[in-house]
Amino acid sequence: MISEQNSKTSPTQQRSKPNWVFGLVGVVFGIVFVKAEIVSWFRIQEMFRLDSFHMYGVIGSAVFVGLLSVQLIRRFNIRTLQGDPVAIASKQFSQGQIWGGLLFGFGWAITGACPGPLFAQIGAGYTAVGITLLSALAGTWVYGATRKHLPH
Amino acid sequence: MIQFLSQPWPWYVAGPLIGLTVPTLLLLGNKAFGISSSLRHICAACVPANLDFFRYDWRKESWNLWFVGGIAVGGFIGNQLLTNPAVLTIAPATQIALQQLGVHDFSSGLLPLDLFGWADMTVGKALIFLVLGGFLVGFGTRYAGGCTSGHAIMGLSNLQWPSLIATLCFMAGGFAMTYLGLPLLMRLAGL
């Protein structure tokens with residue numbers, strides 16, 4: 001069951017806004033990450049210790065707004081700015097979601113960051129997190145090198 | 001305005017803004033929200049090593065690299081230009097639990113500098129909090145086929161049940177590490 005990961009890499013050539021526009025979306029996103037303290041190691045610890053509602057509120061309301069948006073796009077057949085139909089690839093189940101999910105959960109609690117916040121933490125001035133990012137790249141690479149031997 | 005922006009933003013502002021990233025990326029050009037893929041693209045661009053998993057045209061996905069580059073710039077703007085003048089508030093119960101584990105810095109910002117700052121860095125702390133933690137994030141997200149953005153937000157928004165399983169496992173792993181793993185790792189790191 002590795003088709004999902006392959007399909008992701010060969011998307012049909014879609015028309016799209018130029019890359020820098022996505023850079024701008026990233027800038028806004030990074031500001032939200034820092035200002036809502038989502039990239040804070042302390043907020044992630046509060047979440048896993050059930051001592052604060054903040055992160056549950058952030059993730060819950062993000063999913064709610066995302067879900068509502070996708071439903072509205074479907075219901076009203078809203079198209080992309082280029083006039084193409086919106087296409088979202090579905091996710092295939094694989095055991096990786098269990099084993100990989102648990103391993104990522106371990107790393108999330110140690111670093112206080114998922115991949116997005118890693119970039120934001122470095123930009124925010126925590127340059128030692130650059131080592132974390134390099135190690136995350138190594139982890140991704142080792143997965144690519146060993147995936148044939150892993151249960152999927 | 002700047003004063004308003006400098007304060008910590010509440011969840012009901014941040015969450016919906018993050019949720020809006022989903023339709024924004026879709027409408028700008030059919031891009032699925034997902035950040036951990038950027039790590040794969042960087043591997044494919046820099047060290048493909050003839051591995052099948054990294055043999056694809058990463059240039060077609062370069063929007064994703066611009067996106068994460070933007071996140072780093074946003075991190076700089078958010079922390080350096082829109083600096084929160086007040087000390088980060090931490091739930092008292094969390095602070096007490098972390099103090100018992102040996103964390104002392106609760107006042108310098110988003111991360112405790114006794115774990116993540118250069119000044120107090122030791123080989124033990126670097127191996128555990130940077131190297132081990134980072135490796136698990138990179139390996140785990142790719143093995144799971146996505147991270148908090150790709151599965152928890154994009155996948156759940158699209159009602160994908162595999163993403164629900166992944167999200168539940170992210171949380172289960174995080175709870176297990178927080179309560180069972182961290183006490184041991186903190187001791188190993190010499191805290």
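Let me begin with the cysteines, where a search of the whole structure, which is a predicted model, finds 0 disulfides over all chains. A disulfide is a covalent bond between the sulfur atoms of two cysteines, so it is worth looking at how far apart the sulfurs lie here. A:Cys114 is itself buried, with a relative accessible area of 10%. In chain B, B:Cys169 is likewise in no disulfide, and the nearest cysteine sulfur, again that of B:Cys147, is 15 Å away. B:Cys169 is buried too, at a relative accessible area of 11%.

Next, let me turn to chain B as a whole. What is chain B built from, in terms of helices and strands? There are 9 helices and 0 strands in it, so that, if you read the elements from the N terminus on, the order is simply α-α-α-α-α-α-α-α-α. Taken along the principal axes, the C-alpha atoms of chain B fill a box of roughly 45 × 45 × 35 Å. Chain B has 191 residues, and 58% of them count as buried. If we consider the contacts in chain B between residues at least 6 apart in sequence, 52% of those contacts join residues at least 24 apart.

That brings me to the place where the two chains meet. Between them, chain A and chain B bury about 10,800 Å², and 74% of this area is on carbon and sulfur atoms. The contact involves 121 residues from chain A together with 134 residues from chain B. How many salt bridges and polar contacts go with it? The count of salt bridges between chain A and chain B is 0, whereas 32 residue pairs, with both residues at pLDDT 80 or more, are in polar contact across the two chains.

Looking at the side of chain A that touches chain B, we find that several helices each supply at least two residues to it, namely helix 1 (3-9), helix 2 (19-35), helix 3 (41-48), helix 4 (54-75), helix 5 (96-111), helix 6 (115-124) and helix 7 (129-146). As for the kinds of residue on this side of chain A, they divide into 65 nonpolar, 40 polar and 16 charged.

Notes:
Residues are numbered from 1 along each chain as its sequence is written. Chains are lettered from A and ligands numbered from 1 in the order in which they are written. This is a predicted model: local features need pLDDT of at least 70, side-chain atom pairs count only at pLDDT 80 or more; totals for chains, interfaces and linings use all residues. Side-chain values use heavy atoms; hydrogens and water are left out. Contact means heavy atoms within 4.5 Å. Buried area is the accessible area (1.4 Å probe) that two parts lose on being put together, summed over both. A salt bridge is a side-chain nitrogen of Lys or Arg within 4 Å of a carboxyl oxygen of Asp or Glu. A polar contact is a pair of N or O atoms within 3.5 Å; within protein, one must be able to donate a hydrogen and the other to accept it, and residues adjacent in sequence count only if both atoms are side-chain atoms. Helices (H or I, at least four residues) and strands (E, at least two) are DSSP runs, numbered from the N terminus. Ala, Val, Leu, Ile, Met, Phe, Trp, Tyr, Cys and Pro count as nonpolar, Asp, Glu, Lys and Arg as charged, and the others, Gly among them, as polar. A disulfide is a pair of cysteine sulfur atoms within 2.5 Å. Buried means under 20% relative accessible area, exposed over 50%, partly exposed in between (1.4 Å probe, protein chains only).
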